[in-house]
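Let's walk through this one together, one question at a time. Have a look at the sequence and the model first.

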Amino acid sequence: MRKPGVVAVAALACLSVVTGCSSPAAESGGTKASHGGRSSPARTEDGAHSRAPESPPDHDPVRYTPSWPDRTVRTARGHLANSCVPKDLRDRATTLTTSDGVHLSALVLGSGPDGVLLDHEQGYSVCSFLDIGKKLAAEGYHVVIPEYRNHGASQKSADNEHIDRDARAALAELRRVGAERVFLGGASCGGTTAAVAGLDTPLRVTGLLMMSSPARCGGVDALAAVKKIKAPTLLVASPGDMNGNIEEEARKVYAASAAKDKKLVIDPSGYHGTDMIRRAGASGAKLRARVEKFVVASFSLSR
C-alpha cells in the first residue's frame, strides 16, 4: 500500500478521478540492456526472428521549451529527451508533432511490423513503461513510448483536455516506421487515451491494456471506445487506489467492453498505474510478466 506521505502527494496532484492524474513516480534510469534499434530483429510468422528493413529517416529536431527543463537533455541527434532515459537509449529519442501542433518527445524502440503503444500516466513520464518497452523491443516488437504534453521533455500546452492527440501522434509514428499491427497499452489517463486513439488508426489492433485507467479523462471517453474494440483486453486496478474510485472505474470499463476475451485483474498492492509493477516487489514482477505475456499472446491470436 502507499505510504501516507505518498498518498498526500497523490491527493494534491489529483483533483478528481475524472482527470486520471496521479502522483509523480520515482523514476529509475534502469540498467544498461540490449535495446531495439533500426537493425533489431523482427518476428516472422512462425515466431523466428529475421532482420527488419531499415526504417525511414528520422524526424528533424524541433526547438521548443520543454515542460520540465530541469529534467530534460538534448541528445546527440538534437532531440529533447527526459533525463530519466539511460544514456545508451537516448539516441532512440525523436520528436513527434500532434495534429494541433504540440511537439512531443518520444522513444522508438525495436523494429518490424508488430507495434506496441505504451502511454504513461498523468504526472509521470516516458520512463514509466521503459522497462517493459525495452523487453518487448528486445523480443522483436516495435515500441513507441510518447511523453505527453505538459510532461518531461515534451512541449507545454494550454490544452490538456485532448491528450488523445498525443496517442494518435504515436500511432502515426508506428505506422510511418513500418508497423502493420498494434497493441494499445497505457496507465491511468494513458490507458484511456490509448483506447480512444485506437478507434481510428489504420493499424490492426491486436489487444488493449488499461492499468488504473478512468472511464473518462478530461474530454476523452474510454467507455464509448471499448464498446467498439473487440481485441483481447486486460484491465488492472488496485482496490485501495484513490479510495476505491479507480476499481469502480475499471469495472465500468470492463462492463462496457465488447471484447470476448477480457480480464479484470484486481491487484492487491494499492499502487496506481505502473507503480503496481515498478514498486510492488514480487507481486509487481509477477504482474509485469503477466502484462508482457498478454502483449505477446495478443499478436499470436490475431494472426
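Q: Which residue of β10 does Gly185 stand opposite?
A: Quick background: this is a predicted model, where local features need pLDDT of at least 70, side-chain atom pairs count only at pLDDT 80 or more, and totals for chains, interfaces and linings use all residues. Residues are numbered from 1 along each chain as its sequence is written, and side-chain values use heavy atoms, with hydrogens and water left out. Strands (E, at least two residues) and helices (H or I, at least four) are DSSP runs numbered from the N terminus, and two strands pair if DSSP finds at least two bridges between them. In β10, the residue opposite Gly185 is Leu209.

Q: How many bridges join β9 to β10?
A: The two strands run parallel, with β10 covering residues 204-211. One of the bridges has Val182 with Val205 of β10 as its partner. The number of bridges joining β9 to β10 is 7.

Q: Which helix does the chain pass through on the way from β9 to β10?
A: This β-α-β crossover is right-handed, meaning that with the strands pointing away from the viewer, the path from the first strand over the helix to the second runs clockwise. The helix covers residues 189-197. The chain passes through α4.

Q: What is the bridge partner of Val116 in β9?
A: Strand β7 (residues 114-119) and β9 run parallel and are joined by 6 bridges. In β9, the partner of Val116 is Phe183.

Q: Is strand β9 largely enclosed or exposed?
A: Buried means under 20% relative accessible area, exposed over 50%, and partly exposed in between (1.4 Å probe, protein chains only). In a regular strand the side chains alternate between the two faces of the sheet. Here Arg181, Phe183, Gly185 and Ala187 point one way and Val182, Leu184 and Gly186 the other, and all are buried. With 7 of the 7 residues of β9 buried, the strand is largely enclosed.

Q: Which strands stand at the edges of the open sheet of 8 strands?
A: The order is β5-β6-β8-β7-β9-β10-β13-β14, with mixed pairing. Each edge strand has a single partner strand, so one side of each is left without a neighbour in the sheet. The edge strands are β5 (93-97) and β14 (262-266).

Q: What does the side chain of Thr95 make a polar contact with?
A: Thr95 is found in strand β5 and is buried, with a relative accessible area of 4%. A polar contact is a pair of N or O atoms within 3.5 Å; within protein, one must be able to donate a hydrogen and the other to accept it, and residues adjacent in sequence count only if both atoms are side-chain atoms. At 2.8 Å, the partner is the side chain of His79.

Q: How many aromatic pairs does a search of the whole structure find?
A: Rings of Phe, Tyr and Trp (its six-membered ring) pair if their centres lie within 6.5 Å; planes under 30 degrees apart count as stacked, over 60 as edge-to-face and the rest as tilted. The search of the whole structure gives 2.

Q: Why does the pair of Tyr141 and Phe299 tie together parts that are apart in sequence?
A: This pair is tilted, at 5.1 Å centre to centre and 35 degrees between the planes. Tyr141 lies in the loop between α2 (130-138) and β8, and Phe299 in helix α8 (residues 281-301), so the parts tied together are 158 residues apart in sequence.
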